[in-house]
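This report describes a protein model in terms of its strands, helices and aromatic ring pairs. Please consult the sequence and the structure shown here alongside the text.

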Amino acid sequence: MHTTVNLLLASHLFSVISGKELSHPALIGTLHHSIKILYCSSYVSAFEQYAQFLKSEYPGIAIESAIYHPHRLNEVLSNVVFYGKFAAMAAIIAGPATLQALGINDRQAQLYVWAHENKFLSVALLHILGGFIESQLLSTGAFEVYFDDTMVWSTLETGRLPTVEEVKSFIMIKDISKLEA
């Protein structure tokens with residue numbers, strides 16, 4: 001047991017002092033750890049890269065993932081924008097009959113008349129702008145890393161993704177503390 005701790009400490013110390021890596025992934029994988037990553041939908045590819053790295057370096061570590069959901073109000077507002085966007089598109093395509101049904105004359109809604117005359121451009125702009133607003137409402141920017149149910153990284157707190165070296169150091173430090181306990 002002490003030999004394992006000594007190897008891990010020596011490896012970590014060597015990498016800190018020399019800037020070169022000397023790791024023992026086989027030792028880490030024998031301790032039955034788990035990593036859970038909660039991420040924003042815009043970080044799917046980042047999660048996949050980290051998961052691939054962790055599986056190759058530490059095959060014994062269980063990797064769990066989940067989407068970090070935005071606040072409920074943001075989800076509701078995003079749905080309102082989504083359905084509002086399609087209602088506006090339908091009204092633009094329908095034409096002046098929509099205005100007349102609402103009791104509005106053409107002179108009061110010059111923007112609507114322009115949008116109806118330029119349907120393709122108007123619908124495309126609504127689609128792009130609405131999609132942008134929806135994605136901003138749903139984006140959390142989260143990439144939260146838990147090692148054995150302990151948060152070791154929060155992009156919401158740091159404002160950036162962890163480096164591969166930082167992820168390795170989380171594993172090494174937690175692994176050593178488990179061995180010493």
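E1, helix H3 (residues 44-57) and E2 make up a right-handed β-α-β unit; a crossover is right-handed if, with the strands pointing away from the viewer, the path from the first strand over the helix to the second runs clockwise. The model is predicted, so that local features need pLDDT of at least 70 and side-chain atom pairs count only at pLDDT 80 or more, while totals for chains, interfaces and linings use all residues. Residues are numbered from 1 along each chain as its sequence is written, and side-chain values use heavy atoms, with hydrogens and water left out.

**Overall content**

The secondary structure amounts to nine helices and four strands; helices (H or I, at least four residues) and strands (E, at least two) are DSSP runs, numbered from the N terminus. Along the sequence the pattern reads α-α-β-α-β-α-α-α-α-β-β-α-α. The protein has 181 residues, of which 30% count as buried. Buried means under 20% relative accessible area, exposed over 50%, and partly exposed in between (1.4 Å probe, protein chains only).

**The sheet**

The four strands form an open sheet of mixed pairing in the order E2-E1-E3-E4, where two strands pair if DSSP finds at least two bridges between them. Its edge strands are E2 and strand E4 (150-154), each of which pairs on one side only. Strand E1 (residues 34-39) runs parallel to strand E2 (residues 62-67), and six bridges join them. With strand E3 (residues 143-147), E1 pairs in the antiparallel sense over five bridges. Ile37 stands opposite Ser65 in E2 and opposite Val145 in E3.

**Helix H3**

At 1.5 Å a residue, the 14 residues of H3 should span 20 Å, and the end C-alpha atoms are 20 Å apart, which agrees; the expected span is 1.5 Å times one less than the number of residues. The buried residues of H3 are Ala46, Phe47, Tyr50, Ala51, Phe53 and Leu54. These cover an arc of only 165° around the axis and therefore lie on the same side of H3, the arc being that of the directions from the helix axis to the C-beta atoms. The face turned away from this buried side carries the exposed residues Gln49, Gln52, Lys55 and Ser56.

**Aromatic pairs**

A pair of aromatic rings is described by the distance of the centres and the angle of the planes. Rings of Phe, Tyr and Trp (its six-membered ring) pair if their centres lie within 6.5 Å; planes under 30 degrees apart count as stacked, over 60 as edge-to-face and the rest as tilted.

| Pair | Centre to centre | Angle between planes | Class |
|---|---|---|---|
| Tyr39 and Phe47 | 4.8 Å | 10° | stacked |
| Phe53 and Tyr58 | 6.4 Å | 85° | edge-to-face |

Tyr39 counts as buried because its relative accessibility is 9%. Phe47 is likewise buried, with a relative accessible area of 11%. Both Phe53 and Tyr58 are buried.

**A residue of helix H7**

Leu125 is found in helix H7 (residues 119-138). Is Leu125 buried or partly exposed? At 46% relative accessibility, Leu125 counts as partly exposed. Leu125 and Met89 are 36 residues apart in sequence, and their C-alpha atoms are 10.0 Å apart in space.
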